[in-house]
Amino acid sequence: MKKNVILLVEDDELDVISVQRSLKKLDQEYELHNAYNGVEALELLRGRKGHDGIIPDVILLDLNMPKMNGIEFLKELRKDEQLKDVKVFIMTTSGEETDRKEADQLGISGYLIKPLNFTDNRKRTDSLDAFFQFHIRKILAN
Amino acid sequence: MKLSTQILLGFSLIIVLSVVNSYVNYTLSQQVNQNSTFLTNSETIIRNSGRLNKSIIDMQSAFRGYLLTDDDDFLEPYYSSLKEIPTLFKEQSQLVQEYPVHRQRLDSIKVLHQEWIDYANSLISAKKKLGDKGDYETLFNTRFRKQFGQKLNNQISDKFREFDRYEYKVRQVRRETLSESISQTNTYSIIFLGVIICIGAISTIYIVRLISKRIAAMVNVAHNISNGNFVNVEDNQNDELTSLSTSLNIMSATLNKNIRELEKRNNELNQFAYVVSHDLKAPLRGIYNVTQWIEEDLQTELSPSLKRYLNIIPERIARMEGLIDGLLDYARIAREKPLKEYVDVNILVRDIVDDIVPKDTEISIGRLPGFATDKLRLEQVFSNLISNAVKYGSAEHPRIGIDCHELPKFYEFTVSDNGIGIDPGYHDKIFVIFQTLREKNAKESTGIGLAIVKKILDDQHCSIRVESEPGHGSSFIFTWNKN
């Protein structure tokens with residue numbers, strides 16, 4: 001059976017590990033690719049230096065990143081014939097309404113606001129776990 | 001022109017006018033004096049002239065009496081006058097020394113009189129030597145009968161009349177001059193007095209207006225400055241008050257510049273606190289996460305002491321986070337603009353109590369008002385005070401009371417507890433940022449809460465005080481503007 005492919009676009013190493021640990025808890029088979037910003041993510045998707053591009057089942061996208069931020073990346077993605085239908089989940093610390101609206105207009109499958117206040121770090125991990133249980137598990141299980 | 005010069009000029013002018021007035025008065029009074037001396041002189045001359053005339057007439061009567069009666073007794077006044085008259089002539093000629101007309105008349109009287117004496121003497125001596133009868137008869141017939149003496153007498157009388165008439169005329173002139181100079185003196189005095197009063201009044205009014213109007217302008221500016229309104233005073237004169245207002249303007253500008261600078265610095269500081277607080281949180285979160293992961297991954301392999309060490313990390317991180325959040329709140333008070341809305345303080349307090357007060361605490365809430373105010377800040381004040389009441393509350397039967405007392409311009413709120421209380425020596429210290437009376441590892445005590453409360457109240461010119469004794473609970477009483 002073909003493994004589900006996940007692309008994580010996230011610049012913070014800590015969040016990368018957080019996501020990895022939460023995914024592991026789902027106990028599913030998957031192939032995880034990592035990009036640290038929008039530009040890297042597009043290179044991974046479209047292929048470079050003889051490598052083929054990848055077409056992921058799910059993209060987990062941070063909004064606040066250097067070089068190319070999440071919204072810009074999403075716009076590029078939706079313009080691409082091959083990639084425009086990929087499921088995208090936003091994971092951000094930004095509670096800004098404008099970000100949310102823009103993302104919604106570009107078509108997303110889920111929006112997670114990572115709790116900013118980290119006294120609730122327990123909550124943060126829990127909410128990430130719950131989010132993955134609810135949204136990602138189904139996809140990976142197919 | 002300098003103000004002091006103007007004042008000096010005004011006074012000098014008045015003084016000069018006074019001096020001139022005095023001088024003119026002095027000169028005029030000299031004139032009056034002189035005229036009155038003239039008058040006195042003239043009276044003496046007339047009197048003397050009368051005496052002289054009378055003496056001469058006495059002599060003439062005595063002479064005629066003697067000739068008619070041949071009685072020697074008649075000759076007594078004749079001889080006494082004969083002795084007296086030269087003295088009178090001498091006196092009179094001294095008095096009229098300066099009047100040539102008088103002198104001339106007096107001289108001719110003297111000559112006529114002398115002529116008459118010669119005539120009279122010749123007749124008397126002729127009569128006395130009666131032996132030579134023919135001589136007296138001759139004389140009597142040729143001279144007395146021919147009215148020789150009478151003619152002389154008439155001439156003398158005429159001269160005296162002329163003399164007196166002239167002197168009366170002179171005296172009239174003198175009298176007129178005297179009264180004229182007196183009235184002139186009066187007129188000049190009144191005019192000068194009027195001019196001095198006018199100049200004095202005008203210069204006083206001018207100076208008072210000049211000074212008071214400009215001082216009022218400066219007082220107004222000073223008042224504005226004290227209200228934080230850094231305006232300038234306009235003054236385009238060129239005197240001491242102008243330099244005062246220039247200094248005032250410089251002061252205003254400097255104050256304005258410094259205040260702006262201070263505001264800028266303050267904003268920068270707030271910005272700085274906000275950014276630092278935000279950025280400080282990220283690495284803390286990393287440390288926290290990694291510690292958790294280590295704990296999760298090595299759960300079975302960790303020794304009890306290592307577990308204990310690992311537990312200290314999140315505790316201290318939580319404290320650090322408390323401090324950072326406190327700083328963020330502190331900075332937020334300055335950053336966020338006050339927003340007025342209707343606040344029912346009963347609901348506001350009830351929500352806070354439900355949120356942070358444990359269920360076993362006895363709560364008593366008095367009648368609280370509802371009014372339009374800055375909800376965020378009032379909420380921060382209450383939540384900090386109530387959370388302190390919880391933190392430092394009684395361990396056994398915790399009780400928290402919230403009450404309000406209405407004053408004309410303020411509401412006075414009280415948040416009290418029956419907890420550990422505060423030593424009066426620390427009542428001021430507790431409002432200073434990062435001052436906590438608890439040991440440093442106590443998680444919930446950051447020393448920012450009351451500093452935030454104080455800052456909010458200070459910004460609105462409200463006050464807070466604490467009434468407390470160790471072991472007898474604390475009451476925090478603060479005022480809050482009604483509008």
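Colleague: At about what angle to β3(A) does α3(A) run?
Modeller: This is a predicted model, in which local features need pLDDT of at least 70, side-chain atom pairs count only at pLDDT 80 or more, and totals for chains, interfaces and linings use all residues; side-chain values use heavy atoms, without hydrogens and water. Residues are numbered from 1 along each chain as its sequence is written, with chains lettered from A and ligands numbered from 1 in the order in which they are written. Helices (H or I, at least four residues) and strands (E, at least two) are DSSP runs numbered from the N terminus, and angles, from 0 to 180 degrees, are between N-to-C directions of lines fitted to C-alpha atoms, for helices over the stretch in contact (heavy atoms within 4.5 Å). α3(A) lies across β1, β3 and β4 of chain A, and to β3(A) it runs at about 155°.

Colleague: What pattern does chain A follow along its sequence?
Modeller: Chain A has five helices and five strands. Read from one end of the sequence to the other, the pattern of chain A is β-α-β-α-β-α-β-α-β-α.

Colleague: Which strands stand at the edges of the sheet in chain A?
Modeller: The five strands of chain A form an open sheet with parallel pairing, in the order β2-β1-β3-β4-β5, where a pair needs at least two DSSP bridges. From one strand to the next the twist averages 15°. Two strands of chain A pair on one side only, and these are β2 (30-35) and β5 (110-113).

Colleague: Which residue is the bridge partner of A:Ile6 in β2(A)?
Modeller: Strand β1 (residues 4-9) of chain A is joined to β2(A) by six bridges in the parallel sense. In β2(A), the partner of A:Ile6 is A:Leu32.

Colleague: Which residue of β4(A) is the bridge partner of A:Val58?
Modeller: β3(A) and β4(A) run parallel and are joined by four bridges. Five of the six residues in β4 (87-92) of chain A are buried, so this strand is largely enclosed by the rest of the structure; buried means under 20% relative accessible area, exposed over 50%, partly exposed in between (1.4 Å probe, protein chains only). In β4(A), the partner of A:Val58 is A:Lys87.

Colleague: What share of the residues in chain A is buried?
Modeller: Among contacts in chain A between residues at least 6 apart in sequence, 66% join residues at least 24 apart. Of the 142 residues in chain A, the buried share is 44%.

Colleague: Is A:Lys67 buried or exposed?
Modeller: A:Lys67 sits in the loop between β3 (58-61) and α3 (70-79) of chain A. Its phi is near 65°, a positive value in a residue other than glycine. With a relative accessible area of 72%, A:Lys67 is exposed.

Colleague: What is the phi of B:Asp70, roughly?
Modeller: B:Asp70 belongs to the loop between α1 (3-69) and α2 (75-95) of chain B. At 39% relative accessibility, B:Asp70 is partly exposed. B:Asp70 is not a glycine, yet its phi is positive, at about 65°.

Colleague: How far apart are the centres of domain 1 and domain 2 of chain B?
Modeller: Chain B is divided into domain 1 (3-201), domain 2 (242-335) and domain 3 (338-481), with bounds from an automatic or database domain assignment. Taken over C-alpha atoms, the centres of domain 1 and domain 2 of chain B are separated by 121 Å.

Colleague: Which strands stand at the edges of the sheet in chain B?
Modeller: Five strands of chain B form an open sheet of mixed pairing, ordered β2-β4-β5-β7-β6. Each edge strand has a single partner, so one side of it is left without a neighbour in the sheet; the edge strands of chain B are β2 (362-365) and β6 (464-468).

Colleague: Which residue of β4(B) stands opposite B:Ile365?
Modeller: β2(B) and β4 (residues 399-406) of chain B run parallel and are joined by four bridges. Helix α8 (residues 345-356) of chain B lies across β2, β4 and β5 (410-417) of chain B, at about 170° to β2(B). In β4(B), the residue opposite B:Ile365 is B:Ile402.

Colleague: Which residues does B:Asn384 touch, not counting those up to four places away in sequence?
Modeller: B:Asn384 is placed in helix α9 (residues 375-391) of chain B. Its relative accessible area is 17%, so B:Asn384 is buried. Beyond four places in sequence, B:Asn384 touches B:Gly449, B:Ile452 and B:Val453.
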